[in-house]
Amino acid sequence: MRIRDISSFGYSGVLTELENIARKRGSYLHLSNCDPPIYGYTLDSSIIEQINQLQISAYTSYPSWNGDEDLRIAISKRINKFCNTHVPSDRLIMTNGVSESFPLTFAALFHQRSGSIAIPDPSYVPLMVQARRFGDVWFYTLDELDGWNPDCDQLVRSLEVHKETKALLLITPNSPTGAVYPEKILAELMNIAAQYNLVVITDEIYDSLTFGDFHSPLQYAEEVPVVYLNGFSKVYRLPGYRLGYIGWYDPTDRNTPFWEYLVQLCKAKFGVSLLAQEVAKLALQEPESHLKEFVTSVEKKHLLLIDELSKIEGISVVPAGGSTYVFPKLHFDQISDEQLVRYLLQEYGIFLTPGSAYGPSIAPGHVRFVTLVPEADLVKGVHALGKSLLDLST
Ligand SMILES: Cc1ncc(COP(=O)(O)O)c(C=O)c1O
């Protein structure tokens, strides 16, 4: 489905209305806010101690446009370890959160050449908004009946129609579905990208937040050019420092104009906070055991949430493989997701985001839960959801 006007979903749609209701209401329980530190998920105390010893008044000069060399070298090593692929430090650029890498990437991609980008339905809202600023977008299906994996056949059929497509966007582990794409799907997606001459943009911000194996699309790229996006907000629990990065993998050097223009754009914005980069260098040294504790805690909440949701008639849910989300489906023709979340907030003070915010066709009829929330609040939220569905259907 090709979309020119995306105002019916995302921030300009129901999310802003919900924020207004919440503000007027005052107290409410947010069950869809993916901010690890507010739920007590922080770095290991040994790293926090070192952060607290930084002389914060020392980081006052301009940073280099692409980021601290030592940090980029450490990130390049991390990519090697996680993705089994070499992205050299001079092909990495630090950004103000992964969010800032979206407009930079799309601006460089659509510089001089028009075209469209294939994005998943459902999708992460800022990605949709930023992609649409710079090019046309169309949506390919994530198949709920197949564990929310991309429907590769449908993708190919759509690519036959949208011959102008330049890029394919992937998010794994996924937001908002929680799916972690298996190797077979990743290999198939990369074959498709090679066949249709696409650049792959992969957002892997939840990479080690998985309950089983994780494989990066980069591992299967071979000659496909890949824009690799990652950052420190989730796995390293540092969203307040606003730190992300773009990696550029293009072994055949066929897409040099993209990279050159991206470099120009980044040189024109003078880098990212020096202090945040110092913190990031320390975060990369966190003992793995602490990250494991974090992931184990999220998985435990995820299992509880799935169990509670499965007790409600008319709701089905695909268990997540990672990230901090589940995206249950509401099987009620007469109750829309937007009507439900409005009612939940007004009557029970529970804030959930409606599927309709995340895409045009597949996403509606769902709600998004975040699995960082304390267990008691998750249970409270699911009970309120059950009661709201009963209220609205009688
Ligand atoms: C898929 C995805 N990418 C990027 C971000 C935002 O990243 P950052 O905080 O680094 O801007 C999020 C936040 O929820 C996300 O879910």
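Predicted model: local features only at pLDDT ≥ 70, side-chain atom pairs only at ≥ 80, totals over all residues.
Asn197 counts as exposed, at 58% relative accessibility, because the cut-off for exposed is over 50%. The protein has 394 residues, and 59% of them count as buried. The protein holds 12 helices and 16 strands. Its radius of gyration is 21 Å, close to the 21 Å from the globule rule for 394 residues, so the protein is as compact as a globular protein of that length.

**Loop residues with positive phi**

- Asn197 is not a glycine, yet its phi is positive, at about 60°.
- Asn197 sits in the loop between α7 and β8 (199-203).
- Asp253 is another residue other than glycine with a positive phi, near 55°.
- The loop between β10 (243-249) and α8 (256-267) holds Asp253.
- Asp253 has a relative accessible area of 42%, so it is partly exposed.

**The whole protein**

- Along the principal axes, the C-alpha atoms fill a box of roughly 60 × 55 × 35 Å.
- The accessible surface of the protein is about 16,200 Å².
- Carbon and sulfur atoms account for 50% of that surface.
- Take the contacts between residues at least 6 apart in sequence: 77% of them join residues at least 24 apart.
- The protein carries 33 positive side chains and 46 negative ones.
- The centres of these two charge sets lie 5 Å apart.

- Strand β4 covers residues 116-121.
- Six of the six residues of β4 are buried, and the strand is described as mostly covered.
- Strand β5 covers residues 136-143.
- Seven of the eight residues of β5 are buried, so β5 is largely enclosed by the rest of the structure.
- The two strands, β4 and β5, run parallel and are joined by six bridges.
- Asp121 has Thr141 of β5 as its bridge partner.

**Cis peptide bonds**

- Asp121 also takes part in a cis peptide bond, which joins it to Pro122.
- Omega for the bond between Asp121 and Pro122 is about 5°.
- Pro122 lies in the loop between β4 and α5 (125-134).
- Another cis peptide bond joins Ser175 and Pro176, with omega at about 15°.
- Pro176 lies in the loop that runs between β7 (165-171) and α7 (183-195).

**A three-stranded open sheet**

- Three strands form an open sheet, in the order β12-β16-β15.
- The pairing in this sheet is antiparallel.
- Its edge strands are β12 (325-326) and β15 (353-354).
- Each of these edge strands pairs on one side only.
- Strand β16 spans residues 367-370, and two bridges join it to β15.
- Thr353 stands opposite Arg368 of β16.

**Two lysines in helix α10**

- Helix α10 spans residues 288-310 and contains Lys292.
- Lys292 counts as exposed because its relative accessibility is 56%, and the cut-off is over 50%.
- Lys292 and Ser208 are 84 residues apart along the chain.
- The C-alpha atoms of Lys292 and Ser208 are separated by 9.1 Å.
- Lys300 is also found in helix α10.
- Lys300 has a relative accessibility of 53%, so it counts as exposed.
- Lys300 and Leu372 are 72 residues apart along the chain, and their C-alpha atoms are separated by 9.9 Å.

Technical notes: Residues numbered from 1 in each chain as written. Heavy atoms only, no water. Helix = DSSP H or I, 4+ residues; strand = E, 2+ residues; numbered from the N terminus. Rg over C-alpha atoms; globule rule 2.2 N^0.38 Å. Buried < 20%, exposed > 50% of the residue type's maximum accessible area, 1.4 Å probe, protein only. Contact = heavy atoms within 4.5 Å. Areas by Shrake-Rupley, 256 points an atom, 1.4 Å probe, with all protein chains shown as cover. Lys, Arg positive; Asp, Glu negative; His and termini not counted. Charge placed at Lys NZ, Arg CZ, Asp CG, Glu CD. Pairing = 2+ DSSP bridges.
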